[in-house]
Every structure is written in C-alpha cells, then in structure tokens.
Amino acid sequence: MLSNTLKHRLTQWPVNLVMGFLLIILLLPTLQLLSGWFDSDPQLWQHFADTLLLDLISNTLLLLLGVTFGTLVLGVGLAWLVVMFEFPGRRWLSWLLLLPFAMPAYVLAFVFLGVFDYSGTVQNTLSQLGWTPIDIREGVWGPALVLSLVFYPYVYILSKTAFANQSITLIETAQSLGCGANCIFWRVSLPLARPAIAAGLSLALMETLADFGTVELFNYATFTTAIYSAWEDFRSLAVAAQLSSLLLLFALLLLGTERLTRGKRRYNQQARLSSPPFTLSRKAQWGMSLLLWGFLALTLGIPLLQLSLWAAQTLSQEWDARYIDWFNSTLILSVLAALITVALALFMNALQSQRHASRWLRFSIEVGKIGYALPGIVLAIGIMGLLATLNNWLNTQWFLGGLFALMLAYLVRFIAVAYGPVQSRFLSIKPNIIEAARNMGASKWRMAWQIYLPLLKPGILSALLLVFMDVSKELPATYLLRPFGWDTLAIRIFELSAEGLYERAAIPSLLLLLIGILGLWLMKRLGVIK
Amino acid sequence: MKHLVNLFNTTRKWSLALGLSAVSGLSLSPGLVGFMALGSIGLSSQVMAQDEALVIYSSRKEPLIKPFLDAFSKETGIKITLYTGKDGALIERIKSEGASTPADILMMADAGNLGYAASQGLFSPMQSPILEKNIPAHLRDPQNLWTGLSIRARTLVYSTERVKPSELSTYEELADPKWQGRLCLRSANTVYNKSLIASQIAHNGEAKTEQMVNGWVKNLAAKPFAKDAEVMSAILANRCDVGIVNTYYFGQEMAKQPEAKIALFWANQDSTGTHINVSGAGVIKHSDQKANAQKLIEWLSRDPAQTLYSEANFEYPANPNFAVSPQIAAWGEFKADTLNLGKVAQLQENAVRLMQKAGLQ
C-alpha cells in the first residue's frame, strides 16, 4: 500500500514537470547572462573599475534613494489623504491620481527637458525675475523626480487598498485612546500597510534599475550606462552580461528584503472602511482638494499641455495613415502579452497556493520573477542569442522572426507585475470557504469555476490591465525583437525623439497616453480600482 | 488603396490575437495552452513575413530615410521592407540570424558601426564601377564591403554675439584655458563623438588627444548634453559660448529659428581639415537578392537621392558631382578631413577608453 506522501509525490510529478519547464523558460535569458561569466575580459573590468564603476554605483544608489523617497512620500501620502479624509472631489481625485502611470517615463523626461529648456518659458521667466536659471540635468533630482512621478502609482494603488482594508474598529479604538490622525498614521495604519507598501516600492525600484531612456535623456550615468558601454562601445556581450547579472543580484536583494519585511503575514480581507474616518474643517477640506488638484495640474496638466502644443504645431507634418497601424500594433501586442502573462501568473499562483507546494516550487517561483529588473535590451539580447542557437540546432526559423521572441521577452519581464495582484487575491481567500466547499463535495472543476475564479477576478483583471499598460510603453525589447510590420507607438516616439524631434514625437506620445488612460478607465469601470 | 492595405493588415493581426486570446481564456490549464499559443504565434507570423521585398535593416531612423526608399520603389517597382533598430542591436541580430537572415542591406548612421559590421563578416563585397565612380575612395571601405552615401561634418558652433570667428581655430584649441566655463559638449557615448576623438587619435596620437580631452573637460560650462540640439540651445541661452555639433543638427535648428544668433566654424582648416562622418550601407553576405540590394545602394549614390540628402536632411552628398542646397551652401565651403573612415572605425574603442579616463560623461 502506498503511503500518503508517496501517493502525493506521484500525483505531483506532472505539476513539477510543467513548473520546471516554465521555470526554464522564465530563466533562459538570465541563464544566458550567467553563462557570460565563462568568458572573462579582465582588461575591460580593470578599465571600468578605474574609471566608471565607483561613480556609477554611487549614482545608482543615489537615484534609488531618491525614487524611494519620492514614491513613498507621494504614493503613501496621497493614498492616506484619499482614504482617510473627506473633501470635495475625493472620488475623482482618488482615480485621477493613478493617471501618471499611463505616462511612459521617457515621455515625461523629454517633456520636462523641453519645459525647463534654456530657451523655454520657465527659464525665461526665471531670468526675467533676476534669478539664476536652473539646470534640471545637474545632479540626481531631475531623473529622480521624473521616475518618482511615473512610478509612485505602484505604491499609491497598493497602499490605498491596504489602508481601505484596515479594520474600522482598530481605528476607532485608537481614536478612543486619544490617538489623532497623525498618531494613527504612524502607529497603526503604516505598520499594518507595510507589506503592501514594500511590494509597491520594490516594483518601482526594479523599474528604476531597468530604466534606460530617462537617465539617458538626462545624461545621468547609472549602472545600466556601464552595461550599454560594455556592449555598444567595447562590443563585449560577456562583460555586459556580467554587469547585468550583478544588477540582478541587487534586485534579488531588494526582493529578499521585501520578503523579509512581509514575513509570514497574510493579508486577509477584513471589514472595509465604508467612509473616511477623519473629518476636517470646511476650510481644511478645500485646502486639501486644492493641494491635490494642484499636484495633478503640475504632473499631468503641464505635460499634457506641452504635448498638445507640440502636437498642434506638427500635426500636418507628422500625421498619416500609418498611425492607425501603429496604434493597432500597440494594442494587439499589449492585449496578447497581457493574456499570456496573466494566464501563466495564475497557473504559478495556483501551484504556489497548494497546501503541499514544495519549498523548491516556492523558491523557483520567486526566482522566476526577477526578469523585471533586467534592462529591456539586455533581456532582448539574451533571448535573441538563445533563440538563434535553437534555430540553428533545429534548422528552422521558427523561434526568431515571429512574435514568439517578443512574447517571451514580455513574459519574462512582466510576470512579476502580473503575479502580485493575483497573489494578493489568493492570499485574501479565507481557507474556511475552501474547506466548506470541499466538505460539500465540490468537484475540482466546480471549485475552480465557482469558487476560485469569482474570488480571483479583481486580481486577474488588475493584473491584465497592469501588464497591458506596461507592454504598451515598453521600448527596448520591442525595438529589437519585433517582427516586420509590428512597429508600435513607442517605437515611433523613440525614432523621433532620438533625433531630437520632440515636437513631432508629441503625437505618438499623446496616442500612447490615450491608450493608458483608456486602460485605467476600464479598470475603474470594471470595479478593479475604486 | 493604402487604407485598404492597412485595414487588411490590421484585421489579420487582430484575428491572430483574438484567436489566441480565446484559446488562453477558455483553457483550464493555462500554462500549457499558453505555451502552445506562443508556438502558434511563431508560426503564423512567419507566414506574415514579406519575402519578396528587399529587406533593409537600418539604424538610420525611419523619418530620415523613408522619403528616399519611397522614391526608389516608385522608380523601379522594387518593394522595400524597412526594419529599424539600434546599431549594435541590428548587428547582433544579423549575426544571430546567420544564413537565414531576411536582411539584404545594412544601413548605418556612422563609419564606426559600418566598420564594425564589416569586421564581423556581415557584408559581401560590392563590385561596382558605379560606386567607384560616384563615391570618393576615403568614404568607402578599402575592400568595398560598405560605402558612405551622405556626409555630415562635426565642427564648432559659436555664439555670434559673444565670440568672434577669429578667436576660433581648431578642436585642439578648445582645450585652451581661455575657454574655461564657455564650452558645451554632447555626451561621450554618442557615436559621433567617438568618431571625432578616434580621428584625433589617428592624427595626433593618444597622449596629445588625452591632453585635449582633459582640457575640454576643464572648460565645460555645463554637464555634457544628451543631444546636439541641446548644445545649441545652451549657447543661445547664454549658458556657454562655443560647442561642437553635427552640421545637419545645425541645419535643423536654423530651419526652426532662422534668426538664431549662432554660426558654424570650420575647424582645423590649416591642418587636417574638419572631421567628417558618413551614413552608409553594405550588402549582407547571406542576402538572396544581392543584385537588387546593390542596385539600391548605387541608386542612393546618384540622382535624385544625392540631392535629397541635402534638401531633406541638411547633409552633404557623398558624391562630389552634386551641389548642395542653397541653405547649406550658405555655411561656406570647407576642407574636409581625408582620413580613411575605416581607420576611424578601428580606433573608436580607444576613443571611448580615453574619454572615460578623462571623465567626459
């Protein structure tokens, strides 16, 4: 007679097989990078160590610090205000504050550079007032500001949900003990929301590590600069790969810290806040409203205005029928990538949430997610080298040339984005519901269709939309791996802005923003975000 | 007609996507089916690849060359598929694709990358009396693996309000302390700066060039800029007095604001001549349409393409038999550096090493 564990092992092996297969797919580019260590170039390393590395590491750390500060202050602060206080326009603002997410970092960067250009309005006004003009390219604050403004929604949306799900009784108890709004924020809500905040922050920081467009526009040298230099200046894919794997190590550390701070905590759904618990004086309410609208006007209004002005100037020169094609390609690639990525994220989550999930399985799922921190171009080159080898081996053109390579790149890069929202829904399913259903004899299929799917729906939808928006903005991997005829809006933006033609790049930028805003609006309509 | 083609392409793309979404949406074991779906994408878009057209891989951005290619297709009836990307990435891609590459032509925006592609064995030599007649030898690869097609000079630009042309002379002289706090440069990682410094190494040797770059860094008025256009707008805004730019960016700037108080100065006229660089192209070794590919490159070396280079892009024609547009003619004639650009390509790596050592960002 078979023992239970053995029986379990036997039924488990197909799952492990599939998971192992999946993991290999997810890790292929990383493995390709690691194989770079077999091929060393001590001379180039010596050169980098002598000239660049110290500066680059300190620059990168400084930027991470700036983005941490910026996204925390903006993300947590705004979420707190929107959840805990009533003021005019709160409902609108709580949604509109997500919109900067629709803005690609590189677009905001060139708009800022345009607005603060030496010949731009800001500098002219400054010098007319007798002030010395500012150079936003000096120091870290330019890129840190831009990246904070586009990445804070990661922290905002997760901490908003966390705050809103905190139990009202807890807050009322604290209030009755004489704890004011400030005290509740620091001593009750913030500690409770920490796992969610850390999750949002780690996404923002990994995006920062992988960013190339923004830092290049500001000419701010970071670790990715060294990767590009090794590759483009010294033609050494090996050293580029070695540098990238160091970057990944750093990302793993980031993820590890996030894990540690989360501990074994599970965020189960509790009684939600039905209305903001703190009341403000009439004046303070309007003040808060004004503050938030002002913030939006600065971060979203000015860029939109600038882009529209540029677009109006160049409309006749730039617009043609091909835009419909680019718009469609962007939509199709994003939809397709979102479906595939979320389907796999769901599958991985289902495996991980099993009672008998092995340590190996849990660990491998964690590792499978680090592709997010890979700069797109590094990822793309890893994939290309690999698929080309496969093509040669199997004597086919199947792997490179179609959409396969591109979809693989999106999958590896964005599985982390899809994984989070699905996982948080899985964690919020109360075990007793499942027990109850099982005790009532529900079949596997029925459990999946009638219990799990409805409970997971919000998580699945938000994962779909997040990946959708990320893919629509993605540039380096798309640029390198797209098949013929699949040019996207992001590519058009790059082609024009790389030649310094920012005015003409305004039209594709606005269209891309439109797609993002549509995505967010859809999320709101479907009730994924409140 | 164009709209119909668009509509057809789009419908085909959407049906591909929707078919797949139905598969992955209905599936209960999304992992496996997802992977199968990936497979079918590989196949179906393979069918979509256009096989008859001449395929160009280009690091020249689409807005800069589309007008040329459209004109060629109209004249000859040969269809062209354009695929743009970054220089290094395109070269890697062709290497990866090996014998099955769909690419027939590789087009690059500078000699350094053309030279690198040649050194990687990507090109097949062109036996072309037309090119030999049309394009001067120093703008071509010695083994005829690639040829330059348009020229732009990288030279000094200065404020006509604060600098007299008599104060200017050479690239080297910009290292003089008299320019302290008055110089603006573009970042070191641009390929145009790599080529400029490589040509300096070829003429003056490593040590002297290093001295010069150190001097430049000391004279900088602002952190190096990401674009040539920003260098000019910094000069216009009184942030600095002199900089180094490509002539076609200067042309773009003047087209935008014809009254701008900046002008070009031809560097090193009494010595080596002003540094020039080319955009150019070569035929891919594994191309299955070598004749047509060479035909296009030859076409680009003569009328009407050569005139278009100066009219549409503010560049100089590589073919000396063509006059430049009046706007470019107004910048005056200059003596160009005749150093073979293949040499420049070889020295680029040393140039980067040197700039990074000098701390030029």
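**Group meeting: chains A and B, and how they meet**

Hi everyone, let's start where the two chains meet: 70 residues of chain B are in contact with 73 residues of chain A, contact being heavy atoms within 4.5 Å. Before I go on, please keep in mind that this is a predicted model, where local features need pLDDT of at least 70, side-chain atom pairs count only at pLDDT 80 or more, and totals for chains, interfaces and linings use all residues. As for bookkeeping, residues are numbered from 1 along each chain as its sequence is written, chains are lettered from A and ligands numbered from 1 in the order in which they are written, and side-chain values use heavy atoms, with hydrogens and water left out.

Back to the interface. The size of an interface is often given as the accessible area lost when the parts come together. Here, chain B and chain A bury about 7100 Å² between them, and 61% of that is on carbon and sulfur atoms. Buried area, by the way, is the accessible area (1.4 Å probe) that two parts lose on being put together, summed over both. Which three residues supply more of chain B's share than any other three? They are B:Lys13, B:Lys86 and B:Lys223, with 10% of the area that chain B buries against chain A.

Now the polar side of things. The rule finds 21 residue pairs in polar contact across the interface of chain B and chain A, both residues being at pLDDT 80 or more. A polar contact here is a pair of N or O atoms within 3.5 Å; within protein, one must be able to donate a hydrogen and the other to accept it, and residues adjacent in sequence count only if both atoms are side-chain atoms. On the side of chain B that touches chain A, the residues divide into 28 nonpolar, 25 polar and 17 charged.

How many salt bridges cross between the chains? The rule finds four across the interface of chain B and chain A, a salt bridge being a side-chain nitrogen of Lys or Arg within 4 Å of a carboxyl oxygen of Asp or Glu. B:Glu62 forms a salt bridge with A:Arg322, with the closest N and O atoms 2.2 Å apart. Over all chains, a search of the whole structure finds 23 salt bridges.

Among contacts in chain B with a separation of 6 or more, 76% are between residues 24 or more positions apart.

Have a look at helix H10 of chain B, residues 247–256. Eight of its 10 residues are buried, so this helix is largely enclosed by the rest of the structure. Among the buried ones are B:Tyr248, B:Tyr249 and B:Phe250.

Next, a few salt bridges within chain B. B:Arg162 has two partners to show you: B:Glu161, at 3.9 Å from N to O, and B:Asp241, at 2.6 Å.

B:Asp228 lies in helix H9 and B:Arg186 in the loop between E6 and helix H7 of chain B, so the pair ties together parts that are 42 residues apart in sequence. B:Asp228 is buried, with a relative accessible area of 1%, and B:Arg186 is buried too, at 10%.

Finally, two serines in chain A. A:Ser229 sits in helix H11 and is buried, at 5% relative accessible area. Not counting residues up to four places away in sequence, A:Ser229 touches A:Phe48, A:Phe234 and, over in the other chain, B:Gln356. A:Ser245 is in helix H12 and is buried at 10%. Its C-alpha atom is separated by 7.6 Å from that of A:Thr30, 215 residues away along the chain. Thanks, everyone!

Notes. Buried < 20%, exposed > 50% of the residue type's maximum accessible area, 1.4 Å probe, protein only. Helix = DSSP H or I, 4+ residues; strand = E, 2+ residues; numbered from the N terminus. Nonpolar A, V, L, I, M, F, W, Y, C, P; charged D, E, K, R; others polar.
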